[in-house]
Amino acid sequence: MLIAVTRPVSASIAHCQLTFLDRQPIDLARARRQHDDYCRTLAELGAHVVSLPALDDCPDAVFVEDAAIVLDEIAVTTRPGVESRRAELASVAEALAGHRPAAEIVAPGTLDGGDVLRLGREICVGLSTRTNREGAEQLRALVEPLGYRLTTMRVTGCLHLKSALGRLDDHTVLADLPAVTLPASPPFDVVAIPHGTPAFADVLPLAGMVLVPCGFPGVARLIEARGFPTRALDLSELLKAEAGLTCMSILFEGRHNA
């Protein structure tokens, strides 16, 4: 069973961390309705949605993806680059404890889940304002003995790697090329999109379709031209907090440790 770990929108989301966007007023009620619709969509597409307790003193807590990396073999609690976000980690680690053996990123490493993109046995890690090389190398030491190959990429002009590099399937990515430095011979097919708005590339493939944010029809057409049907979700209020479609859930196949 596919599990989606989520968390409600915090009452304090208007005070979220912003790196590349100017602060705008966020309609809390509307943001919560949009998040509810997001969770309903995950459930409609076959995920068992697990909602963690709200953390109203943590403005960015809805963005649970940043707190953990879940692979088939292991669950890694991250160490977010913004210190205030580390209060979110304990409850996420507790939710994952029954599903995978646990590991963690420790100081001086920093790692946000939004900077980690898995493509089969390939793991791409973005070196960004939130993730440093020490965090990436700690993750490498954990996953390469399990048979993964980890590649680091420099991220500029957007918050996370997944803002600029989005998975369509294990062999195809959506890429905002000026925002991410790809290796000379990337192990995937690249669908280039126009450079500009952060989170263009942060799409979510699920149940044979690709979820995309409303308002970017050109990106949706590029995805559909590659044979991937799309479904648009209204994330207008959440995008003001530098959100993306992947960042509001941790998706993994559920199973208990042997």
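**Figure 1. Glu242 sits in the loop between helix H6 (236-239) and S15.** The model is predicted: local features need pLDDT of at least 70, side-chain atom pairs count only at pLDDT 80 or more, and totals for chains, interfaces and linings use all residues. Residues are numbered from 1 along each chain as its sequence is written, and side-chain values use heavy atoms, with hydrogens and water left out. Helices (H or I, at least four residues) and strands (E, at least two) are DSSP runs, numbered from the N terminus. Phi of Glu242 is near 60°, a positive value in a residue other than glycine. Glu242 counts as buried, at 11% relative accessibility. Buried means under 20% relative accessible area, exposed over 50%, and partly exposed in between (1.4 Å probe, protein chains only).

**Figure 2. Ala207 also has a positive phi, near 55°.** Ala207 lies in the loop between S12 and strand S13 (209-213). Its relative accessibility is 54%, so Ala207 counts as exposed. Most residues other than glycine have a negative phi, and most peptide bonds are trans.

**Figure 3. A cis peptide bond joins Ala107 and Pro108.** Omega is about 5°. Pro108 belongs to the loop between S5 and S6.

**Figure 4. Phe63 lies in the loop between strand S2 (48-51) and S3.** Phe63 is buried, with a relative accessible area of 3%. Leaving aside neighbours within four places in sequence, Phe63 is in contact with Arg85, Ala241, Ala243, Cys247 and Met248. Contact means heavy atoms within 4.5 Å. Gly208 is 145 residues from Phe63 along the chain, and their C-alpha atoms are separated by 24 Å.

**Figure 5. His99 is found in the loop between helix H2 (89-96) and strand S5 (102-104).** His99 is buried, at a relative accessible area of 15%. His99 and Ala75 are 24 residues apart in sequence. In space they are 8.1 Å apart, C-alpha to C-alpha.

**Figure 6. Three strands form an open sheet in the order S6-S7-S8.** Pairing is mixed; two strands pair if DSSP finds at least two bridges between them. The edge strands are S6 and strand S8 (149-154), each pairing on one side only. The twist averages 25° from one strand to the next. Strand S7 (residues 122-127) and S8 pair in the parallel sense over six bridges. Val125 stands opposite Thr152 in S8. Helix H3 (residues 133-143) lies across S6, S7 and S8, and runs at about 165° to S8. Axes are lines fitted to C-alpha atoms, for helices over the stretch in contact, and angles run from 0 to 180 degrees between N-to-C directions.

**Figure 7. The largest pocket holds about 780 Å³ of space.** A pocket is an open set of points on a 1 Å grid over the protein atoms alone, where a 1.4 Å probe fits, with protein on both sides within 12 Å along at least five of seven lines; lining residues have an atom within 4 Å of a point. Grid points are joined across faces, edges and corners, and the volume is the space filled by probe spheres set on the points. The lining has 29 residues, of which Val70, Arg118, Arg167, Leu251 and Phe252 lie nearest the centre of the pocket. Elements giving two or more residues to this lining include strand S3 (68-70), strand S9 (165-169) and strand S15 (250-253). S15 gives the most, with four residues. By class, the lining has 15 nonpolar, five polar and nine charged residues. Ala, Val, Leu, Ile, Met, Phe, Trp, Tyr, Cys and Pro count as nonpolar, Asp, Glu, Lys and Arg as charged, and the others, Gly among them, as polar.
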